[in-house]
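Colleague: I have not seen this structure before. Could you take me through it and say what each label rests on?

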Amino acid sequence: MKIGIIGCTKTKAKQPCEAQEMYSGSTLFNLKRQYAEKYLDDWMVLTTKYGLILKDKIIEPYELCLETHSQSESTSIMLMNKDHIRGWKAKVGSQILALNAVPVYLASKPYWIDLPRGETPLANKRFGSQIKWLKDRII
């Protein structure tokens, strides 16, 4: 069994909603979702704030970034420190192992690096290349 692990995005809904709707304003998120629904057994959402969650889980909007540098482009975004990131990766790694499935990471590298081994079809592809690769497979 293969489970898509779709990364969260900067673009979020303004009100509480299901995780699959929270990021639906993002073209890239929607393409990843369509890819997962077409080729994988199921999919989940990998969020900075909530960890790995079911796509129908109701969540609140948030501003938190998985970064280690001290300055953010936007002062409204809170950055995780290195200790928080280690704890987050340990929690998410345990969640992924508990799935007993092959994770297919459809998230940016900072989110899947150091997590349990899985497939990374979008690795080393920039934003535009990811969109093209996904569209080529969905259509």
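Colleague: Which residues does Val45 touch, not counting residues up to four places away in sequence?

Modeller: This is a predicted model, and in it Val45 touches Ile6, Ala19, Tyr23, Phe29, Gly51, Leu52, Ile53 and Lys55. A touch here requires heavy atoms within 4.5 Å. Val45 has its place in strand E3.

Colleague: Why is Val45 called buried?

Modeller: Buried means under 20% relative accessible area. Val45 has 0% relative accessibility, so Val45 counts as buried. Val45 and Ile5 are also 5.8 Å apart in space, C-alpha to C-alpha, while 40 residues separate them in sequence.

Colleague: What makes Arg33 buried or exposed?

Modeller: The cut-off for buried is under 20% relative accessible area. Arg33 has 18%, so Arg33 is buried. Its place is in helix H2. Leaving aside neighbours within four places in sequence, Arg33 is in contact with Ile6, Gln20, Glu21 and Trp43.

Colleague: How do helix H2 and helix H5 cross?

Modeller: The axes of H2 (residues 27-39) and H5 (residues 127-138) come within 10 Å and cross at roughly 35°. The crossing is left-handed. On the H2 side the contact is made by Leu28, Leu31, Lys32, Gln34, Tyr35, Lys38 and Tyr39, and on the H5 side by Phe127, Gln130, Ile131, Trp133, Leu134, Lys135, Arg137 and Ile138. By class, this contact has nine nonpolar, two polar and four charged residues.

Colleague: Why is Asp114 called exposed?

Modeller: Exposed means over 50% relative accessible area. Asp114 has 65%, so Asp114 is exposed. Asp114 lies in the loop between helix H4 (109-112) and H5. Its phi is near 75°, a positive value in a residue other than glycine.

Colleague: What is the relative accessible area of Asn124, and is Asn124 buried or exposed?

Modeller: Asn124 has a relative accessible area of 79%, so Asn124 is exposed. Asn124 is found in the loop between H4 and H5, and its phi is near 65°, again positive in a residue other than glycine.

Colleague: How many helices and strands does the protein have?

Modeller: There are five helices and eight strands. From the N terminus on, the elements run β-β-α-α-β-β-β-β-β-α-β-α-α. Of the 139 residues in the protein, 45% are buried. Among contacts with a separation of 6 or more, 54% are between residues 24 or more positions apart.

Colleague: What is the mean pLDDT of the protein?

Modeller: The mean pLDDT is 90, and 90% of the residues reach 70 or more. Over residues 68-77, however, the pLDDT is below 50, and beyond near neighbours in sequence this stretch has 12 contacts in the model. Where pLDDT is low, the predicted coordinates should not be read in detail.

Definitions and conventions. Residues are numbered from 1 along each chain as its sequence is written. This is a predicted model: local features need pLDDT of at least 70, side-chain atom pairs count only at pLDDT 80 or more; totals for chains, interfaces and linings use all residues. Side-chain values use heavy atoms; hydrogens and water are left out. Axes are lines fitted to C-alpha atoms, for helices over the stretch in contact, and angles run from 0 to 180 degrees between N-to-C directions. Helices (H or I, at least four residues) and strands (E, at least two) are DSSP runs, numbered from the N terminus. A crossing is left-handed if the near helix is turned anticlockwise from the far one by less than a right angle, and right-handed if clockwise. Ala, Val, Leu, Ile, Met, Phe, Trp, Tyr, Cys and Pro count as nonpolar, Asp, Glu, Lys and Arg as charged, and the others, Gly among them, as polar. Buried means under 20% relative accessible area, exposed over 50%, partly exposed in between (1.4 Å probe, protein chains only). pLDDT is the predictor's confidence in each residue, from 0 to 100.
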